[in-house]
Amino acid sequence: MSSKIRVLVGVKRVIDYNVKIAVRADKSWVETANVKHSVNPFDEIAIEEAVRAKEAGHVAEVVAVSAGPPKAQETLRTALAMGADRAIHIEIPDGAEKTLEPLAVAKLLKKVAENEKVDLIVLGKQAIDDDANQTGQMLAGLLNWPQGTFASKLDILTADKSLAVTREIDGGLQTVSAALPAVVTADLRLNVPRFASLPNIMKAKKKPLAKTTPADLGVDIAPRIEIIKVEEPPKRQGGGRVADVDELISKLRTEAKVI
């Protein structure tokens, strides 16, 4: 019996981090039409870590999964080009992604993890669009699996089916151990993701990509929260000069009201 484990990696399609975000005129959401999208950067790190673990001989198979509109398949093809073995697309209608909440995603991933019988789930710690930082923790709670969040180092110990996770915390670094199966969320310093080469991009087109839906998985993704409006943050006001320390203290006390 092989000691290698099976890994599920969550992948989200987001607006590319180089794009300047614009709010729609009706303030219902941000503008997404004709806007470049890409893999959530933290999810790229998760993919890279899973692929490295496979290259090191710890992992038998890496499965990428994404819940999103039809174009989310492009994101999954990127994961396949980076080294994932196959992909699963949980398809939702165009536009529904703006109301797809972390709890719903966690429930979808739970079903996929159970169906696939994986030993480890690796996600980005958060998505750069909503910055929720909730899905990994909720998923671990729903599965009743141990979790290692904000991972900056991951050691998989296949001999005793456990792992050691070095976490980034306010006071520095913390190392925790956990028995598999487990959930890990990737922080920025876990690794530097590889660029998918052209040959691997071509090979990715032939790798398996299965489709399913929330209904197929028996998950209700109806939103629990209503988005009332989306607004750009207020523009920063220009700075000013003060003549001396006394004037500075006066402004801090009377205008800024911070002392």
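A pocket is an open set of grid points with protein on both sides within 12 Å along at least five of seven lines. The legends below describe a predicted model.

**Figure 1**
E4 provides the largest share, four residues.

**Figure 2. Overview of the protein.**
The protein has 259 residues, of which 39% count as buried. Its secondary structure consists of seven helices and eleven strands. The C-alpha trace spans about 75 × 40 × 40 Å along its principal axes. Of the contacts between residues at least 6 apart in sequence, 70% join residues at least 24 apart.

**Figure 3. Helix H3 and the elements packed against it.**
Helix H3 runs through residues 102–116 and contains 15 residues. From its first C-alpha to its last it reaches 21 Å, close to the 21 Å expected at 1.5 Å a residue. In H3, the buried residues are Pro-102, Ala-104, Val-105, Ala-106, Leu-108, Leu-109, Val-112, Ala-113 and Glu-116. An α-helix has 3.6 residues a turn, so residues three or four places apart point the same way. Just after H3, Lys-117 adopts a positive phi of about 55 degrees.

**Figure 4. The largest nonpolar core and a second, separate core.**
The largest nonpolar core contains 37 residues, and those with the most contacts inside it are Val-7, Val-9, Ile-47, Leu-120 and Leu-163. Two or more residues come from each of E1, helix H1 (41–55), E4, helix H2 (72–82), E6, strand E7 (147–157), strand E8 (162–169) and strand E10 (182–186). Helix H1 gives the most to this core, with seven residues. When neighbours within four places in sequence are left aside, Leu-120 is in contact with Ile-5, Arg-6, Val-7, Leu-8, Ile-156, Leu-163, Leu-180, Ala-182 and Val-184. The second, separate core has 24 residues, including Leu-100, Ala-106, Leu-139 and Trp-145.

**Figure 5. The salt bridge between Lys-54 and Asp-85.**
Side chains of opposite charge can pair when their charged atoms come close. The count for the model comes to 18 salt bridges. In one of them, the side chains of Lys-54 and Asp-85 meet at 2.3 Å, N to O. Lys-54 belongs to helix H1 and Asp-85 to the loop between H2 and E5, so this pair ties together parts that are 31 residues apart in sequence. Both residues are partly exposed: Lys-54 has a relative accessible area of 28%, and Asp-85 has a relative accessibility of 22%.

**Figure 6. Glu-61 and Arg-86 within a salt-bridge network.**
The side chains of Glu-61 and Arg-86 form a salt bridge of 2.7 Å, N to O. Glu-61 lies in strand E4 and Arg-86 in strand E5, so the pair ties together parts that are 25 residues apart in sequence. Glu-61 is buried because its relative accessible area is 18%, and buried means under 20%. A network of salt bridges links Arg-6, Glu-61, Arg-86 and Glu-116.

**Figure 7. The salt bridge between Glu-231 and Lys-229.**
The side chains of Glu-231 and Lys-229 meet at 3.5 Å, N to O. Glu-231 has a relative accessibility of 47% and therefore counts as partly exposed.

**Figure 8. Glu-101 and the largest cavity.**
Glu-101 is located in the loop between E5 and H3. With a relative accessibility of 16%, Glu-101 counts as buried. Glu-101 and Pro-223 are 122 residues apart in sequence, whereas their C-alpha atoms are 6.5 Å apart in space. Not counting residues up to four places away in sequence, Glu-101 touches Pro-223, Arg-224 and Ile-225. A search of the whole structure finds one cavity of 30 Å³ or more. The largest cavity holds about 40 Å³ of space. Its lining is formed by Glu-101, Leu-103, Ala-104, Lys-107, Asp-220, Ile-221, Ala-222 and Arg-224.

Notes:
Residues numbered from 1 in each chain as written. Predicted model: local features only at pLDDT ≥ 70, side-chain atom pairs only at ≥ 80, totals over all residues. Heavy atoms only, no water. Expected span 1.5 Å × (residues − 1). Buried < 20%, exposed > 50% of the residue type's maximum accessible area, 1.4 Å probe, protein only. Contact = heavy atoms within 4.5 Å. Core = buried A, V, L, I, M, F, W, Y, C linked by side-chain atoms within 4.5 Å. Salt bridge = Lys/Arg side-chain N within 4 Å of Asp/Glu carboxyl O. 1 Å grid on protein atoms, 1.4 Å probe; cavity = no way out; pocket = protein on both sides within 12 Å on 5 of 7 lines; lining within 4 Å. Points joined across faces, edges and corners; volume = space filled by probe spheres on them.
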